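Please keep the sequence and the structure in view while reading.

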Amino acid sequence: MNVNSSCWGLFVDINDTLYCSISDHHHQVVKRSLNDSMMTSNRVAAGTDTEGSASNQFRGPRGIFVDVNLDLYVADCWNNRVQLFQPRKSNGITVAGSGSLNPTMSLICPTGIVLDAEKYLFIVDRNNHRIVGSDLDGFRCLVGCYGKGSQSNQLKLPSSVSFDRSGNIYVADSLNTRIQKFLFMKDSSALSFNQPKFCPTATWNSNGITIANQLIVGEYPTAFFVNTNNTVYVANREISTIVIWQEESVNPTKIIRGNFTEPWSLFVTSNGDIYIDDGFKNGRVQKWIAETNIFVTVMNVSSRCDSLFVDINDTLYCSTSLRHQVVKRSLNDPVTTSNRVVAGTNRRGSGSNQLNNPGGIFVDVNLDLYVADCLNDRVQLFSPGESDGITVAGSGSLNPTMSLICPTGIVLDAEKYLFIMDSNNSRIVCSGLHGFRCLVGCYGVGSQSNQLNYPSSFSFDRYRNIFVTDISNHRIQKFQYFEESCGKFRMIE
């Protein structure tokens with residue numbers, strides 16, 4: 001192909017037709033059949049050779065994509081939109097960004113576009129330094145969702161995007177002079193807990209059901225977990241037992257007795273092994289091995305673990321509120337004293353590298369660590385290898401969020417939305433397309449079915465119901481998910 005300017009995007013369709021988007025001066029997309037022997041046989045596919053914002057014009061067209069129906073999608077950079085041109089149509093339809101008929105995310109100079117097999121759009125939102133995508137529930141941020149930068153979860157003026165056959169995303173991260181790979185999370189298959197996916201209108205019954213009272217779980221229950229098989233685990237700290245029951249069962253199906261003292265947290269891996277905090281008196285984390293029914297010490301700690309987490313690489317994390325830090329160690333390391341600090345400085349503070357009584361922790365498949373920083377009234381994100389955290393919710397957040405008072409628990413859903421236990425407000429809040437909102441416990445502190453009293457942690461079952469350790473009410477509450485709030489019900493896979 002002979003062209004009179006740079007091609008910002010190239011594409012060869014299923015009929016061996018080559019497309020070139022010309023951003024400078026001509027503002028159009030041209031094409032020619034590769035089966036035509038004449039190199040000068042270019043035809044205009046879209047655009048008028050004149051800069052503009054009309055439906056038949058571009059202002060700096062960049063990335064292009066042509067599907068099997070020969071529909072042409074163009075990232076119209078300086079019009080902040082994506083245009084669709086159907087075969088033999090000179091006027092485009094705005095399918096994303098400025099001027100779209102359907103609500104989408106705001107774009108600033110999109111430069112790359114990919115259409116998946118379901119005709120959902122994946123867009124390089126260049127000047128917002130991120131990749132966004134559409135699905136049944138609208139648009140959402142996929143990667144680069146934490147502002148411009150050079151950290152592993154950030155981009156700086158990305159230009160193009162591509163997928164491999166495993167669904168991993170590759171990004172040309174221009175100003176960082178690198179190619180970034182973001183691993184695809186395969187339906188949470190590597191996780192032992194339920195990581196749900198919700199629509200923006202998801203709601204729960206405001207009235208909870210008490211599934212376990214003080215007779216079963218003792219006073220002030222905190223150590224709690226629900227696995228992918230809807231098995232519920234709660235530690236009774238008064239009599240040093242782990243009580244286990246299936247969600248549909250009325251009575252516990254198993255009781256494990258141990259020599260732990262006043263446990264604050266527990267975590268259950270996919271093979272049924274139970275990790276339980278025994279740090280307050282005995283300075284350790286124990287593992288109950290499902291295969292042998294015995295306890296072994298797997299981590300030595302200097303104080304209680306307010307939260308435990310095992311990531312996809314079998315690394316155990318412990319947040320120590322009294323030491324104001326999060327430590328970790330590989331479970332494949334035979335030395336139980338091999339702890340490393342991953343967040344906090346062992347001194348309370350509000351700096352980006354400090355914590356003040358950290359509680360709940362969550363580690364996603366990219367090994368990003370989220371910490372409920374209780375007495376700083378915020379949630380901090382620590383990327384792998386970074387000592388400075390980013391405030392993603394609460395006091396000091398760059399983006400508007402709800403006010404938090406001592407958050408103690410956190411869950412990240414499959415869309416990277418935050419679900420937070422706002423303990424001293426006695427409620428659970430979450431983020432979404434339209435900001436933060438209250439989910440349950442929205443009627444003040446109390447003991448009624450629609451109230452909580454200083455809850456500490458929560459979990460989802462396979463059916464998206466919420467389970468809450470309601471500490472000062474000495475109970476476990478279940479809040480039922482309203483299936484009709486999101487239309488057709490889809491179980492977590």
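The UniProt record, an unreviewed entry, places the feature "repeat: NHL" at residues 49-88, 148-185 and 347-385. UniProt positions are given here in the numbering used for this structure, feature names are shortened, and annotations may be inferred rather than shown by experiment. The model is predicted, so local features need pLDDT of at least 70 and side-chain atom pairs count only at pLDDT 80 or more, while totals for chains, interfaces and linings use all residues. Residues are numbered from 1 along each chain as its sequence is written, and side-chain values use heavy atoms, with hydrogens and water left out.

Two of these spans may be described further. Residues 49-88 are 0% helix and 40% strand, and their end C-alpha atoms lie 17 Å apart. For residues 347-385, the end C-alpha atoms lie 20 Å apart, and the span is 0% helix and 41% strand. Helices (H or I, at least four residues) and strands (E, at least two) are DSSP runs, numbered from the N terminus.

The protein chain is divided into domain 1 (7-182) and domain 2 (203-482), with bounds that come from an automatic or database domain assignment. Taken over C-alpha atoms, the centres of the two domains are separated by 41 Å. In contact (heavy atoms within 4.5 Å) are 10 residues of domain 1 and 12 residues of domain 2. The area buried between the domains is about 900 Å², of which carbon and sulfur atoms give 46%; buried area is the accessible area (1.4 Å probe) that two parts lose on being put together, summed over both. In domain 1, Arg140, Tyr146 and Gln151 lose the most area to domain 2, together 54% of what that side buries.

Attention now turns to one residue. Ser302 lies in the loop between strand E24 (294-300) and strand E25 (307-310). Its side chain makes a polar contact with the side chain of Arg323 (3.2 Å). A polar contact is a pair of N or O atoms within 3.5 Å; within protein, one must be able to donate a hydrogen and the other to accept it, and residues adjacent in sequence count only if both atoms are side-chain atoms.
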